[in-house]
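This briefing concerns strand pairing, the nonpolar core and aromatic contacts. Please read it alongside the sequence and coordinates shown below.

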Amino acid sequence: MAIKVSTGLRTSMLTLAGSTLATNLDDGQINIYAGSTPADADAALGGATLLVTISDNSQAIGVGTGLIFDAAVAGVLSKAAAQIWSGVNAATGVSAFYRLVKQSDTGVLSTSEARIQGTISTVGADLNLSNTSLTVGGTQTIDAFSITMPTP
């Protein structure tokens, strides 16, 4: 269990003035997939099936509907408490992995897109859901989400 960060996200954070993890991913979305997990966050999605796109309060993806983060505290960046992170399931399947991406990310092979990829389970994964089996038409909510930087 360890999130994978894309080359594009790492490069942006290391080379662009004012570029932070939050600024790279604010106004983004979490896509939850069934199928084989790509080798890393740069890889194309391959045959993975998009089960649900998590946005602010299940709104259609577009400007102003993306996910945002509260200010980091003690090395932890957490979902904005004021937002409801949810989405309506577009397909039925068993969740295998997620990608936190900008809304414009198409999932193709890229070393420039800002992405975080992680595992999904009910316990002990990068993103824990109460049930990994999603059914088309149901609503999936993420109540807690955080990214922790290693301690010095």
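In which strand is G87 found? G87 belongs to strand 5, which spans residues 85-88. The model discussed here is predicted.

- Apart from neighbours within four places in sequence, G87 is in contact with V52, T53, I54, S58, G138, T139 and Q140.
- Between the C-alpha atoms of G87 and S12 the separation is 28 Å, and the two residues are 75 residues apart along the chain.

**Strand 8 and its partners**
- Strand 8 (residues 115-121) is largely enclosed by the rest of the structure, because five of its seven residues are buried.
- Strand 7 (residues 97-102) runs antiparallel to strand 8 and is joined to it by five bridges; here V101 stands opposite R115.
- Strand 1 (residues 4-5) also pairs with strand 8 in the antiparallel sense, over two bridges, with V5 opposite I116.

**Largest nonpolar core**
- In soluble globular proteins, nonpolar side chains tend to be buried together.
- The largest nonpolar core of this model comprises 26 residues, and those with the most contacts inside it are I30, I32, Y98, L100 and F145.
- Two or more residues of this core come from each of helix 2 (21-25), strand 2 (28-34), strand 3 (49-56), strand 7 and strand 8.
- With neighbours within four places in sequence left aside, the contacts of Y98 include I30, I32 and F145, as well as I116, Q117, G118, T119 and I120.

**Aromatic pairs**
- The whole structure contains four aromatic pairs.
- One of them is the edge-to-face pair of F69 and W85, with 5.7 Å centre to centre and 85 degrees between the planes.
- F69 lies in the loop between strand 3 and strand 4 (76-78) and W85 in strand 5, so this pair ties together parts that are 16 residues apart in sequence.
- W85 and F145 form a tilted pair, at 5.6 Å centre to centre and 40 degrees between the planes.
- This second pair links distant parts of the chain, 60 residues apart: F145 is in the loop between strand 11 (139-142) and strand 12 (146-148), and W85 is in strand 5.
- W85 is buried at a relative accessible area of 0%, and F145 is buried at 6%.
- Through ring pairs, F69, W85, Y98 and F145 are linked into a cluster.

Terms used: Residues are numbered from 1 along each chain as its sequence is written. This is a predicted model: local features need pLDDT of at least 70, side-chain atom pairs count only at pLDDT 80 or more; totals for chains, interfaces and linings use all residues. Side-chain values use heavy atoms; hydrogens and water are left out. Buried means under 20% relative accessible area, exposed over 50%, partly exposed in between (1.4 Å probe, protein chains only). Helices (H or I, at least four residues) and strands (E, at least two) are DSSP runs, numbered from the N terminus. Two strands pair if DSSP finds at least two bridges between them. A nonpolar core is a set of buried Ala, Val, Leu, Ile, Met, Phe, Trp, Tyr and Cys residues joined through side-chain atoms within 4.5 Å. Contact means heavy atoms within 4.5 Å. Rings of Phe, Tyr and Trp (its six-membered ring) pair if their centres lie within 6.5 Å; planes under 30 degrees apart count as stacked, over 60 as edge-to-face and the rest as tilted.
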